[in-house]
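Here's a quick briefing to read with the model open beside you. Have a look at the fold first, then come back for the details.

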Amino acid sequence: MTGSPVRTLLLWCPDWPVLAAEIVDGVPATDPVVVLHANRVVACSERARAEGVRRGLRKREAQGRCAQLVVVEHDPGRDARAFEPVVAAVEELVAGVEVVRPGACAVAARGPSRYLGGEEAAAERIVEHVAQACAVESQVGIADGVFAAGLAARDGRVVPPDGTPGFLAGLPVEALGRTALTDLLRRLGVRTLGDFAALPAGDVLARFGFDGALAHRLAAGRDHRPLAVRQPPVDLAVTADHDEPLDRVDAAAFAARALAERLHDRLAAHGLACTRLGIEAVTAHGQELHRVWRHDGLLTAAAIADRVRWQLDGWLSGSTGRTGARPTRPTAGIIRLRLIPDGVIARSGLQPGLWGETGEERERAHRALNRVQGILGPEAVVTAVLGGGRSPGDQVRLVPWGDERLPARPGPPPWPGRLPPPAPAVVLPDPLAATVHDAAGEPVAVSARLQVSAAPARLTVGAARPAEIVGWAGPWPVDERWWAPAEARRRARFQVCLADGTALLLAVEAGQWLVEAVYD
């Protein structure tokens, strides 16, 4: 890579996950609060730090240091939603903002420093504006490159031009944010970014790989990554001006249909569909009319045109369909008509259904499910949500229809000990007790060191007749939540194929064999 790092201004909001929990969920950030992910602290409030709580601690250890600790689960979506007003406030003063992560955003410092009176004046102005607009405390750092600016923001510091390598040299290697690399460098006696930057680049690449070479460039102040600025939202509204005022419903309806097709095509070009439509009209006398139409499904071109026609009919005829309740008719014809997609959703994968226009079959299914739920109760209709886990039963959570679809365990892999593919076709809600014998008729046992006493030869499920095992694989061990004795679980799993072609997933736990799932 060539070129020099871009002079960067980075705004950082300390303890943002904690602040986001206060903004969205009302959890007071002045209390001892921690945000947990994978049972470890990823953020904590100032009061929690005063009690000795630090990032990286396990939940139990953090609660041991502070008995009044308020625990909040990590939610990246919540953090991003709460940070959007902050980014919008920054964009009111400067252009070309990049969101580094929820709680931090960056912008090239050259522009703001020119029209706000210098780098320090720009930093003060942005911090003050964010505080006034969002009631959020923030700090700004300015340096050469996003990485150095982020570290400078921790102290609210403006690093002089060309002073970034010296600023970074005295910082500990933990500032790189790479735990494995940091531990290795510490063991090798490399303790500061300056020590790391002094190593030959070729040797770093050979010893630590590509990610280590990238960290080496950052430590030396050679951050050449360009800012990925946010694109301003596209103006999706469509407008039509008419020289001759529209004062008849049929003429207005004809114009509305052409405008509705323009709006539909524009939304389709961006992969969007409209769910809420704003209709604006301006008369020849300057009177402004506005109405919003909402639709539970997706507004097609025909549906948009119908709603515009209905609204124009109501405006131009002045009729509401009830005697004695006629609103005032506009004093002149309409010269400007504007359609605004006030609510849009991603249109990815939406196609005309088997029974007609897009969304109709979905609405019909939703009505049917809601009716069944109303008759049988909210728990009678459930849908499956796929999440993380090591066994098929752990990966699926059944959620009542209409509830928020959140997995029981976060994410797909990495899950050490997860079963290899293919996944079973049927997961039994209650595993079936079974026995497994070897060729000599002796029960097959699995030791604590995962030693199988003999090759499995026959399987008996309940009172059924024994079935011959013609192939098997395993064991795959699972040792979960060993740190919590009441929740600890240790078992080994096997895949077996029977003589009749049936394939099963077995598990042995505390000496008991269980049939957990069936393969297709």
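What follows is a short tour, grouped by topic.

This is a predicted model, so the local features here need pLDDT of at least 70 and side-chain atom pairs count only at pLDDT 80 or more, while totals for chains, interfaces and linings use all residues. Numbering starts from 1 along each chain as its sequence is written, and side-chain values use heavy atoms, with hydrogens and water left out.

**Helix packing**

- Helices and strands here are DSSP runs numbered from the N terminus (H or I, at least four residues, for helices; E, at least two, for strands).
- Helix α9 (residues 179–187) packs on helix α11 (residues 201–219) at an angle of about 105 degrees, with the axes 11 Å apart.
- That makes α9 roughly perpendicular to α11 (the label covers 65 to 115 degrees; axes are lines fitted to C-alpha atoms over the stretch in contact, and angles run from 0 to 180 degrees between N-to-C directions).
- On the α9 side, the contact (heavy atoms within 4.5 Å) uses Leu-181, Leu-184 and Leu-185, and α11 brings Arg-207, Phe-208, Gly-212 and Ala-215.

- Three strands form an open sheet in the order β3-β2-β4, with mixed pairing (strands pair if DSSP finds at least two bridges between them).
- β3 (40–44) and β4 (70–73) are the edge strands with a single partner each, so one side of each has no neighbour in the sheet.
- From one strand to the next, the twist averages 40 degrees.
- Strand β2 (residues 33–37) pairs with β3 in the antiparallel sense over four bridges, and Leu-36 has Val-41 of β3 as its bridge partner.

**Helix α12**

- Helix α12 (residues 249–269) has 21 residues and reaches 30 Å from first C-alpha to last, close to the 30 Å expected at 1.5 Å a residue (that is, 1.5 Å times one less than the number of residues).
- Its buried residues (under 20% relative accessible area, 1.4 Å probe, protein chains only) include Ala-252, Leu-259, His-264 and Leu-267.
- Just after α12, Gly-271 has a positive phi of about 70 degrees.

**Two single residues**

- Arg-491 lies in strand β17 (residues 489–498) and is buried, at 4% relative accessible area.
- Beyond four places in sequence, the contacts of Arg-491 include Asp-394, Glu-480, Glu-509 and Glu-516.
- Ala-455 is in the loop between β14 (426–437) and β15 (458–461), and counts as partly exposed at 43% relative accessibility (the class runs between 20% and 50%).
- Not counting residues up to four places away, Ala-455 touches His-437, Asp-438, Ala-439, Val-444 and Trp-472.

How values were computed. Angles under 35 degrees count as roughly parallel, over 145 as roughly antiparallel, 65 to 115 as roughly perpendicular and the rest as oblique.
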